[in-house]
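Hi,

Please open it alongside the sequence as you read.

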Amino acid sequence: MFAPFIFLVFLVGVIANTVRQALSSPLNRIPGPWYARFTSLVLKYNEFIAKRTRYIHALHKTYGPAVRIAPNEVAFASTAAVKEIYCSGGSGYDKTEFYDLFKVYERRTMFTTLNKDDHAKRKRIIADRYANTNIVRKPSLDGIAERAGSFVKRCFDSVSVSGSLDLYVCLHSYAFDCVTHHLFHPYGTDSLQNKQDEDMMREVTFDDSLQNRLVRYWNPTLHRVFGKILYSFAKPRETPMADDFVLHTSSKTDAAAFTLLDRLRGNPQLEELDVAAECLDHMVAGIDTTGDALCFLMWELSQPSSLHCQQTLREELHGNPGVGFDRLPYLDAVVMEGLRCFPAIPMSLPRYVPPGGRTIDGYILPEGTIVSCQAYSVGRIEQTVFPDPDTFRPDRWLDEKGDADRRRLLFAFSNGGRGCVGKHLALAEMKMLLQAVYSKFSTLPDETMTPESMEMSDQLVSSRPLGQRCLLRFIPTTSEVMA
Ligand code: HEM
C-alpha cells in the first residue's frame, strides 16, 4: 500500500533534483534549446536515428558557435575552440568513455587510449610509419598506384558490361586494399579483384550496429540484460572474417620494412594481441573514411552543378601528364573542398574539460564537462572564411588570401596530437585515385540514383551515404582501351 507513495516521493525527489541542478548549472550562460538544460534525450534520439551531425549543425545555425546540447555537454565550432580542445598541451583534452565502444579484442589501441600519457607512449611507436616521408617512398606509393590501376580497370569494365559502376563498393574495396598494403605488404588484400576479399570488406563496411552500440554506451546494464532481445532489431558489430584475417596476418614475421606490422612486431612492449588490435583498428579506420570521402566527392563532381569543376580538373590532368599527385594545385583544391563539404568523420569528437575547468570562447566550463567540435560545422559556420558554405567550390582553395584561415578551419582530420595519423596516406590515396580516374573518364550519375540515397547517414563517428550504393557512369575521354 505504501509502495506507490514511496515511488511518488522518489519521483518527485528525482525531478526536484534535476530542476535544481539545471537551474544552478554554470553552463546556463551558454546558448541552446531550453530542454538541453534538463535532458539529453533529444540529442540521443537524433543519434539513434543517425542524424546527430545535422541536428547539432542546425543548433549552431540558430544559437551560434557555442551551443549547449545536453545538461553536461557543449558543442563548439570556432578556431579558438578547436585549438583549445584538441591542441592545448599538444594533444588537447582527454577523450571520454565514448571511445570504449571502439576497443578491439578487448584491448586499447592508440585511438582508444583515453589519456594523454598512454596515447603518447603508443604514438611514439607508430607515428613514423605514417609520416609523409614514409608514405611517398616507392614501395608504399607503388602499392597505391597499382590499386588505382585496378580501380580504373573496373571503370573500363563497367563501360562495356553494365554501363555503370557501384562506387560505394569499389571505393571501399580500393581503400581496403590500400590500407592493408600499408599495414601488411606483401599480405595485403585484393578486394578489387578477389571476391573473398570483397566479402570481408563488405562485412566491415555494411555493418549496421549503430543502435546496438549506442544502447551499450548509454546504459551498459540495460544492454547486458536485454542484449538478446535487442539483437532481434539492432545487431551488435560482428566482423569474424576481418578479425580472423588480422589475427592470422599480424602473426607474420616478414612484412615489408615500410609497413605498420613490421614496426609493431619489432617492439618488445607489445603483446601479440596488442599488435593485432592496433592493426585491426587501423584497417577499419582506413576503409570507411577514405572510401566514403571519395564516394561523396565523386558523386558531387558528377552533379550538373559541378561538371565545370570536373572539366577544370581534367584539363589540369591532361595538361600535366606524369606530374606527381602532390604537385597539382586544382587536384589539391578539389580534395580540400571535398573534405570540407563531406568530411568522412563529420561528427563531434568528445573530450572532457580537464581538472580545474577551462574557459572556451568566453564561457567558463567546470571540469568534467563534455566538449566537442564537429568537422561538418567547423567547415561551414565561419562565413568570412568560407562564404557560401553549402556550395562545393574548389577554387576557393586557390585564393592565396585567407589560405591560412581556411586550412586552420579544415577539421576533417581533426587537429593536434590526436588528429588523424593516417592523413598523409589518405590524401595520397584520394589524389592518386582521382588523378587516375579523371585523366581517363568523365563521370555522370546513373539515372536510377536519387539524391536521398546519397544523404549523410551518421554512424558512430563516421558518416556514409544512406543507400550504401552510388552508381556512376564512366565515359572514357580518351580512345584508350584496356587490354
Ligand atoms: C579521408 C580519410 C580519413 C579521414 C577523414 C580521417 C579522419 C580522422 C579523424 C577526424 C580522426 C580523429 C578521431 C577522434 O579524435 O575521435 C582520426 C584518427 C585516426 N585515424 Fe583517420 N581519417 C582518415 C583516414 C585514415 C586512414 C587511411 C588511416 C590509416 C590507417 C587512419 C587512421 C587513423 C587512426 C589510427 C586514428 C587515431 C589517431 C590517434 O588517436 O592518435 N585514418 N582520423
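A word on the model before the details: it is predicted, with local features needing pLDDT of at least 70 and side-chain atom pairs counting only at pLDDT 80 or more, while totals for chains, interfaces and linings use all residues. Residues are numbered from 1 along each chain as its sequence is written. Helices (H or I, at least four residues) and strands (E, at least two) are DSSP runs, numbered from the N terminus.

**The hairpin**

Strand β1 covers residues 66-70, and five of its five residues are buried, so the strand is largely enclosed by the rest of the structure. Here a residue is buried if 20 or more other C-beta atoms lie within 10 Å of its own, exposed if 12 or fewer, and partly exposed in between, with C-beta atoms placed from the backbone. A hairpin of two residues leads from β1 into β2. The two strands run antiparallel and are joined by four bridges, β2 being residues 73-76. Within this pair, R68 sits opposite V74 of β2.

Strands count as paired if DSSP finds at least two bridges between them. Touching, or contact, means that the C-beta atoms of two residues, placed from the backbone, lie within 7 Å.

- β8 and β11 (residues 471-476) are joined by five bridges; F441 has P476 as its partner in β11, and P445 has L472.
- β3 and β11 are joined by two bridges, with D166 partnered by L471.

**Two helix pairs**

Two packed helices are described by the angle between their axes and the distance between the axes. Axes are lines fitted to C-alpha atoms, for helices over the stretch in contact, and angles run from 0 to 180 degrees between N-to-C directions.

The axes of α7 and α8 (residues 167-184) come within 9 Å and cross at roughly 160°. That makes the two helices roughly antiparallel (angles under 35 degrees count as roughly parallel, over 145 as roughly antiparallel, 65 to 115 as roughly perpendicular and the rest as oblique). Residues making the contact include G143 and F151 of α7 and Y174 and H181 of α8. By class, the contact has five nonpolar, four polar and three charged residues. Ala, Val, Leu, Ile, Met, Phe, Trp, Tyr, Cys and Pro count as nonpolar, Asp, Glu, Lys and Arg as charged, and the others, Gly among them, as polar.

For α17 (residues 329-341) and α20 (residues 423-438), the axes come within 10 Å and cross at roughly 120°. This pair is therefore oblique. L331, V334 and V335 of α17 meet L427, M430, K431, L434 and Q435 of α20. Those residues divide into six nonpolar, one polar and one charged.

S25 is found in the loop between α1 (3-24) and α2 (41-48). With 16 C-beta neighbours inside 10 Å, S25 counts as partly exposed. Leaving out residues up to four places away in sequence, S25 touches R37 and P71. S25 and P366 are 341 residues apart in sequence, and their C-alpha atoms are 9.6 Å apart in space.

Best wishes
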